[in-house]
Each structure stands twice: as C-alpha cells, then as structure tokens.
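Here is a short tour of some side-chain and strand arrangements. Have a look at the sequence and the structure first, and then read on.

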Amino acid sequence: MNVILLGGSNSVLKNGLRIGLENKDITLHNYALGLSTSLQNLYELIRHKDTINKSDFLISESNINDYLSPMSLNIILRNIDYFYEELYKANKITIVLIFPIPAYNDKSKAINEAHRKNCTHYGFNLIDVDLYYQKNNLYDFDQNYNFHPIPLGMQELGKNIIKNLHSFKKSKENIIYSKRKYRIFAPSNLTKMEHKNSFFCEKTVKIKASEKIIFPKEFKNYQILGIHTWNHTNLSTPPHAISSISIVNSSFKLVKNFGLINTFQDIQNEKAICDEQTFLHVNTQIIKQSEESLGSNIANEKTPRLDYVDLIGILLLENDNNKKIECKNYPTNTHDSLIPPIAFYKELALEYHELKKLNTQTFLQSQNHNLLRFLNHKGLKNEYEIFIHQNNKLYGASLRIKERLSYKLGEIIIKNSKSYLGYFKIPFELRKVKKDHFKNQKEQKDLPPLKAYADYKQALIAKTHLSYILGNALLQASRTPFKIGYLSLPFKLRKIAKNYKKKF
C-alpha cells in the first residue's frame, strides 16, 4: 500500500510520527517540510500529483505550523480552506491529525476549528490529539517539547494508524468545489542542480543577482501564493546569511527573505497578481522585506546577503472565487481511540520525577547534615555560613514555593478530580498531605527568606500555577469562622479552574 504523508517537522522528526508509519507492508512517501503551513501541503499535492494518484491513503498534519506562521489570520484560514479543497479533489482515504498547540488563545482556537470544520465538510477521518490534550490537562506537561508533542507518543500513534488502516472511511461524495487552478513556475531556461541531504532531495535553479526572471505571459492574472527555495552553501557561507528577492510589476512590489534551509514561504500580499511585465530578481543591497518569513530571523544591515537564490518552485493560483466553507456540525468521523494513553505516560513521568526528587533531596539533606556536624565539631560552622553568604548565590526558590502546603493541596485536587473514585479520595489524601507537611516543617525553619534566592522573581511564576491557586483557596476556606467557607468552596474551585483554562 502507498501512503502519502503531508505536514511539518512533526512528520520529519527522528523517533516521531513517520517512524511509526514506516512498515514493511507500506510504501511511505513523505512530503513533509519543517516550518511550513497548509499551503505547502497543497503545493506538494500539485507537484506530486502522479504519485498521489497512485496512492491509497493521505495523512496530513499542519495546524501547528499554521499557528506559527507570521501571516495574518485571514490569510492562514484562507490557505487552510484552499488546501482541504485540493485534498478532497485527490479522492483518497484521508486522515487528518490535529496536534496540540501549547498556546490556548484566539488564534490557536480559530486555526484548529478551521481544520475541524473542513474535516466535517469533506468527511475526512480525524484524529484530534489537541482535544485529547484539552480533556486531560496535558498542555503544561508537553510545553517543554516546543511544539513537537511527545515524539515517542506520536510514533505510537503512527503505528496505531497503520494497524487500523482498514477502519478509515472514504470521504463524502459529490461535494461541489470551486474551479481554482494551481500552477508551479520555475525558470526552464536555467540549469537545474540537485540538492540533497539525508532526508530531502530537490532540483533547484540558481538565479544570480545579475539575472532578471520574467514570468511567462501564460501566468497573467495568476496570484502568487508561495515560494519554495533551498540555497546551496559551502563552508565559507555564514550560517545566518539570507537571500533577498523582489517580485515586481506595475501594481505591486514584493520583497521576501529566505534563509539557507529547505523552506516554503507563504505570501501575504493579496495584490501579488502577475501581469505581462512581472519579473523576479535577487537583491544584494539592503532592502527591507515587505513581509516576514516563517523561521527566518529579522534581517538588519549586518546580515550577510547572498548574491543568488536557489529556487525550486513558485505556487500560483487562477480563478479564486472566494468560496467559503460554512459548517457548524462537529466532526463525526473521528478515530481518537488510536491516540496512545499520553495522560498515563504523564502520570508515570511525574511519579518517576517525584521519586527522583525525593531521593535527591534526602541525599543532599543527609550530606549537608553530616557536613554541618563536622564543621561544628571543628568550630568552623560560623565561618562556613559567612563564606556561603558572601560567595554563593542561592537557587531553588521555585522548589520552595512548590513545597508550600497550598501547592501540595492543589496538586491533590487536580490529580483526583478526573474520576468519581478520585473525588471520593480527595478528603483522605488532603488530610495525609497536610499531616506529612507539618511533620516535615521543622526542617524548613532555618532556611533563608525567599527574596535571598537569585531565582526569586522566576519562582513567583509558580504562584500563578493552578495547583497553587486551588490550594490557596482551600486554605482560605479552612480559616473562615466555623469553617463556613467550605460550603461555597466547590463552586469557587470550579470557577477558578474555568477562569484558568480561559486564560491559558
């Protein structure tokens, strides 16, 4: 069976999704590219049309890079609709993955809803990992992966997809779509060179600063949507060098920067429409770009500029009738049961972390106790404390805050609020934690004040964590006369959790 994979770096990562999809019975064609949006997926559908026609399944993920794109939200949402319509035209069994975006805001919501809406409209198979993360409060746990959700978990998801290919359904039939027509332009009069590494292999054409590339007249009235480049380099090329190109005609001037990596950049300018005199050239002088590029640092007068650009292709569009997708129903063709138990992985990881932390703390406390006994025996304890105060910066304020009773109580509430059995256990676990906390308080008496720590300001962030806020509310309720605060506490905790979710 032939499987096509479209997406960003999550489909390229070592030990990630693609490894799970690789199977002896599967021929995997991976057209994913890091730091690229849904528009790059569309571009790959166009230029690999013959291979895709012979395929059996299409797998797509792009929502995270859509979120990271510097383009305006309207352009991003427009390109998502463009892509899904072309995906539907491919007429293959299609599986869409929506990965978690660790930034719960209006932009992420709009982008994820655009993907869900299109899946519903066309009847694509949907695996909504982002929704799974929402339901299981996994955003905080996953934030260290920098927009790459647990690679080994995604590898397991890939394996589950391959094992269950028989369960995926065909798309809806007879959906009316637009007459949009896409073309890819690369100068045919220039020599093509092969550029490859361990993962990519592309044919590029080198456009030098002295050359002026005129767009063929057949592209008159076509809109420029995106540009694909991959600059050849050598050992003397500065790693942060850029190519700057201009595309110009009587109606517009577009200036765009490209780094050294294999990259596809969306075009923001909706007026970038070809006429009979549209041309492209390379800028060697310092010219400010007219729009930002995804993954490229903002250039300044010190940024080295190449006197060439290695072009792979330019995506163009004819006949955009601005067809809008209107769909208020929720996706029904979902396969979220294939998502591995990441919430369970989280509990295992946290349990391991707590055990390691406890062992480390016990060891350090024991060593410190022995050291102080020895110094006291030698009459050096006071001199040692003065030396430490004068020469060492203290760190660990964040740990101190997390060791407070309010934080511990909040962690118990969150941990046990995911099941009915958990709710029943909360009072007993709270009592146990409170008892253990006061038992160990004696060891904390001689510690310096929090403000003495070098990381005090960073540690204050821990006070904004949901665990701390919930635990603090519980302690406040316990201090009210006759503990009357307990009556309204469940409603207060629910409101805190709801407001926290909206904020983060």
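Phenylalanine 83 is buried, with a relative accessibility of 0%. Tyrosine 84 is buried as well, its relative accessible area being 0%. This is a predicted model, and in it the rings of phenylalanine 83 and tyrosine 84 form a tilted aromatic pair, with 5.2 Å from centre to centre and 55° between the planes.

The structure has 16 aromatic pairs.

## Lysines over rings

Two lysines are worth a look here. The charged end of lysine 107 sits over the ring of tyrosine 67, at 5.3 Å from the ring centre. Lysine 212, in turn, lies over the face of phenylalanine 279, 4.2 Å from the centre of that ring.

## The sheet around phenylalanine 279

Phenylalanine 279 also takes part in strand pairing: it is the bridge partner, in strand 14, of isoleucine 214. Strand 9 and strand 14 (residues 279–283) pair in the antiparallel sense, over 2 bridges.

Which order do the strands of this sheet follow? The order is 9-14-11-12, an open sheet of 4 strands with antiparallel pairing. Strand 9 (213–214) and strand 12 are the edge strands, each pairing on one side only.

Where does asparagine 262 sit? You can find it in the loop between strand 12 (253–258) and strand 13 (263–266). At 7% relative accessibility, asparagine 262 is buried, because buried means under 20%.

The side chain of asparagine 262 makes a polar contact of 2.7 Å with the side chain of histidine 228. Apart from neighbours within four places in sequence, the residues in contact with asparagine 262 are Leu33, Phe200, Glu202, His228, Thr229, Trp230 and Ile312.

Terms used:
Residues are numbered from 1 along each chain as its sequence is written. This is a predicted model: local features need pLDDT of at least 70, side-chain atom pairs count only at pLDDT 80 or more; totals for chains, interfaces and linings use all residues. Side-chain values use heavy atoms; hydrogens and water are left out. Buried means under 20% relative accessible area, exposed over 50%, partly exposed in between (1.4 Å probe, protein chains only). A polar contact is a pair of N or O atoms within 3.5 Å; within protein, one must be able to donate a hydrogen and the other to accept it, and residues adjacent in sequence count only if both atoms are side-chain atoms. Contact means heavy atoms within 4.5 Å. Rings of Phe, Tyr and Trp (its six-membered ring) pair if their centres lie within 6.5 Å; planes under 30 degrees apart count as stacked, over 60 as edge-to-face and the rest as tilted. A charge sits over a ring if NZ of Lys or CZ of Arg is within 6 Å of the ring centre and within 35 degrees of the ring normal. Two strands pair if DSSP finds at least two bridges between them.
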